[in-house]
Amino acid sequence: MSSRPNVIVVADAAALAEAAAQRLVARVTQGDRAAVCLTGGSSPQRLYRLLAQEPWQSKVPWPRLHWFMGDDRFVPQSDALSNMGAARGLFLDRVPAPRQNLHPIPTELADPDLAARAYESDLKSFYGADRLDPARPLFDLVLMGLGNDGHTASLFPRAAALDENARWVVGVAKAGMEPYVPRVTLTFPALASSREMLFLVEGAEKRNILTRVLAGEELPAARARCDGELIWLVDRAAAPEN
Ligand code: 6PG
């Protein structure tokens, strides 16, 4: 399990999206199927747009890929706040991704906890077992973002979900940051079950929180682990000075 931060600094947001696309393609082009766990927020948007454009669209083996979401807001996919709705609008609906390979968190269910339980059983049936084996990760690539308060996915500072070790997915009744809608989030053990975890962090407004996270302060994102490689891909504006 890797926990020592491996930080890659690139020039700017455009270079960050290119580097992320390259890493994604490298991770998903082996094996007979591959699974990518996406993230919401603004940081991955440029990457998502790039994947729908050439030359990247032709480099991605769409029929073999499955797309999951690390967390989502408890709103319909048609809502502007929906992470899966955003990913579909930016790329998944613009590429030859089979509809049955999209695995949205079922936010149409009655409440976040029911949606979490349903998503956990989807993940378990995709994985083919109820227990995660570090030698056989659930995902090939997990994308992560970093919030200004140090949260990642919908794992907010001081939330009970941070310490969840048994469940793969939990409901979050109260978000710690805008937008203040309930969330559903994968837990650290489920997110860790990947060949690679790739944080995408860009912009000067992230520099302070990124410096604190990389220094190992007690913040959610600093607790992220990965069974495979854990990489922080950051642009120069966000990179800590040293
Ligand atoms: C969400 C995200 C969240 C996000 C961070 C960073 O649902 O809001 O999954 O964890 O990654 O808040 O967001 P930005 O990239 O917009 O700063």
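Aromatic pairs come to nine in this predicted model. One of them joins tryptophan 62 and tryptophan 67.

Another pair is made by tyrosine 127 and tryptophan 168. Here the centres lie 6.0 Å apart. The planes stand at 75°, so this pair is edge-to-face; the cut-off for that class is over 60 degrees.

The charged end of lysine 124 sits over the ring of tryptophan 168, at 5.2 Å from the ring centre. Arginine 136 lies over the face of tyrosine 127, at 3.9 Å from the centre of that ring.

**The ligand site**

The ligand is surrounded by 16 residues. The closest are Ser42, Ser43, Asp71, Ala153 and Lys206.

| Residue | Protein atom | Distance to a ligand oxygen atom |
|---|---|---|
| Threonine 39 | polar side-chain atom | 3.5 Å |
| Serine 43 | polar side-chain atom | 2.5 Å |
| Alanine 153 | backbone N or O atom | 2.6 Å |

How much of the ligand's area does the protein bury? Taken alone, the ligand exposes 420 Å², and the protein buries 88% of that.

Alanine 153 has a further feature. Its phi is positive, about 50°, although the residue is not a glycine. Alanine 153 lies in the loop between β5 and β6. Its relative accessible area is 10%, so alanine 153 is buried. Arginine 158 is also placed in the loop between β5 and β6. Arginine 158 has a positive phi of about 65° and is not a glycine. Is arginine 158 buried or exposed? With a relative accessible area of 79%, arginine 158 is exposed.

**The chain as a whole**

The chain holds seven helices and nine strands. Its C-alpha atoms fill a box of roughly 45 × 45 × 40 Å along the principal axes. The radius of gyration is 16 Å. A compact globule of 242 residues would have a value near 18 Å, so the chain agrees with that expectation. Buried residues account for 54% of the 242 residues.

**Contacts across the sequence**

Two serines lie in the loop between α6 and β8. Serine 193 is one of them. Serine 194 is the other, with α6 spanning 188-192 and β8 spanning 196-201. Serine 193 has a relative accessible area of 0% and is therefore buried. Serine 194 counts as buried because its relative accessibility is 0%.

What does the side chain of serine 194 reach? At 3.5 Å it reaches the backbone oxygen of phenylalanine 139. It also reaches the backbone nitrogen of valine 142, at 3.5 Å. Serine 193 comes up against proline 137 in C-alpha terms: these atoms are separated by 4.6 Å, with the residues 56 apart along the chain.

Aspartate 235 and valine 10 are 225 residues apart in sequence. Their C-alpha atoms are 4.8 Å apart in space. Aspartate 235 has a relative accessible area of 6%, so it is buried.

**Cis peptide bonds**

Proline 55 is found in the loop between α2 (45-51) and α3 (56-59). Another runs from glutamate 178 to proline 179, with omega near -10°. Proline 179 has its place in the loop between β6 and β7, the latter spanning 183-186.

Definitions and conventions. Residues numbered from 1 in each chain as written. Predicted model: local features only at pLDDT ≥ 70, side-chain atom pairs only at ≥ 80, totals over all residues. Heavy atoms only, no water. Phe/Tyr/Trp six-rings, centres within 6.5 Å; stacked < 30°, edge-to-face > 60°. Lys NZ or Arg CZ within 6 Å of the ring centre and 35° of its normal. Near = heavy atom within 4 Å. Polar contact = N/O pair within 3.5 Å; in protein donor to acceptor, adjacent residues only side chain to side chain. Areas by Shrake-Rupley, 256 points an atom, 1.4 Å probe, with all protein chains shown as cover. Helix = DSSP H or I, 4+ residues; strand = E, 2+ residues; numbered from the N terminus. Rg over C-alpha atoms; globule rule 2.2 N^0.38 Å. Buried < 20%, exposed > 50% of the residue type's maximum accessible area, 1.4 Å probe, protein only.
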